[in-house]
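This report describes the fold, helix packing and selected residues of the structure shown below.

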Amino acid sequence: MKPSMKRIDGNIGPNDITFYQEIIRRLRPPLMIEIGVASGFSSVVALRAMADWGGRLASYDIATHCYYNPTLPVGFLVGQEYPEGLDRWELHTGKTSQDAGKAHSGVILAFIDGDHRHPAPSEDVEALKPAMAPDAWFVLHDISHGRVKRGC
């Protein structure tokens, strides 16, 4: 991560970034899919991690504008913080994981960081399956599968 990169509330944290970059670098995907973009912070992390081999990122978000600041477009940080990655980035707004699942094939890595509430993350995984290679990896960020009672 570039030290001067802006931190925005709700972004993936430092430990998450390290884990995410390591998975990307080990798998070396030629193309990966991202579900949920918001500011584009995680998009920048992925694009930077894939720079050595020219990996591409296809990002999907149902929104067209950033959820916490509707005056800003989805993914605005990519152009601000990492413009050199723009030629390897496909941004699909107004689109869902179902659209991504139909648009790609043979993908070995997907990052799911959209709607965090159950059952949305599971639905994103299912929707992406047609696009994924048999040995593909899914990385899900801060999902919530409901509350579990203590002692259960």
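## The central sheet

In this predicted model, five strands make up an open sheet whose order is 3-2-1-4-5, and the pairing is parallel. From one strand to the next, the twist averages 20 degrees.

Strand 4 pairs with strand 5 in the parallel sense, over five bridges. Within this pairing, Leu109 has Trp137 of strand 5 as its bridge partner. Two helices pack on the sheet. Helix 1 touches strand 1, strand 4 and strand 5, and its direction makes about 170 degrees with that of strand 4. Helix 2 touches strand 1, strand 2, strand 3 and strand 4, and its direction makes about 165 degrees with that of strand 2.

## Strands 1 and 2

Strand 1 is mostly covered, with five of its five residues buried. Leu31, Ile33 and Ile35 point one way from the strand, while Met32 and Glu34 point the other way; all are buried. Strand 2 is also mostly covered, and five of its six residues are buried.

Strand 1 and strand 2 run parallel and are joined by five bridges. Leu31 stands opposite Arg56 in strand 2, and Glu34 stands opposite Ser59 in strand 2.

## Helix 1

Helix 1 comprises the 14 residues 14-27; at 1.5 Å a residue these should span 20 Å, and the end C-alpha atoms are 20 Å apart, in agreement with that value. The buried residues of helix 1 are Ile17, Tyr20, Gln21, Ile23 and Ile24. These residues cover an arc of only 160 degrees around the axis, which puts them on the same side of helix 1.

The buried residues of helix 1 pack against strand 1 (31-35), helix 2 (41-49), strand 4 (107-112) and strand 5 (132-140). On the face turned away from the buried side, helix 1 carries the exposed residues Pro14, Asn15, Thr18 and Arg26. Helix 1 is followed by Arg28, which has a positive phi, near 50 degrees.

## Helix 5

Helix 5 (residues 120-128) has as its buried residues Ala120, Pro121, Asp124, Val125, Ala127 and Leu128. Viewed down the axis of helix 5, the buried residues fall within an arc of 165 degrees, so they line one face of the helix. Their packing partners are strand 1, helix 4 (97-103), strand 4 and strand 5.

## Nonpolar cores

The largest nonpolar core has 25 residues, and those with the most contacts inside it are Ile12, Tyr20, Ile24, Met32, Ala46 and Leu57. Helix 1, helix 2, helix 3 (76-81) and strand 4 each supply at least two residues of this core. The largest share, six residues, comes from helix 2.

A second, separate core has 13 residues, among them Ile35, Ala100, Leu128 and Ala131. Tyr20 and Ile24, listed above for the largest core, are also among the buried residues of helix 1. Leu128, a member of the second core, is one of the buried residues of helix 5.

Asp61 lies in strand 2 (residues 56-61). With 12% relative accessibility, Asp61 counts as buried, the cut-off for this class being under 20%. Leaving aside residues up to four places away in sequence, Asp61 touches Gly36, Val37, Ala38, Val74, His92, Thr93, Gly94 and Lys95.

Asp52 is placed in the loop between helix 2 and strand 2. Asp52 is exposed, with a relative accessible area of 72%, the cut-off for exposed being over 50%. Asp52 and Arg28 are 24 residues apart in sequence, and their C-alpha atoms are 9.2 Å apart in space.

How values were computed
Residues are numbered from 1 along each chain as its sequence is written. This is a predicted model: local features need pLDDT of at least 70, side-chain atom pairs count only at pLDDT 80 or more; totals for chains, interfaces and linings use all residues. Side-chain values use heavy atoms; hydrogens and water are left out. Helices (H or I, at least four residues) and strands (E, at least two) are DSSP runs, numbered from the N terminus. The expected span of a helix is 1.5 Å times one less than its number of residues. Buried means under 20% relative accessible area, exposed over 50%, partly exposed in between (1.4 Å probe, protein chains only). The arc is that of the directions from the helix axis to the C-beta atoms. Contact means heavy atoms within 4.5 Å. A nonpolar core is a set of buried Ala, Val, Leu, Ile, Met, Phe, Trp, Tyr and Cys residues joined through side-chain atoms within 4.5 Å. Two strands pair if DSSP finds at least two bridges between them. Axes are lines fitted to C-alpha atoms, for helices over the stretch in contact, and angles run from 0 to 180 degrees between N-to-C directions.
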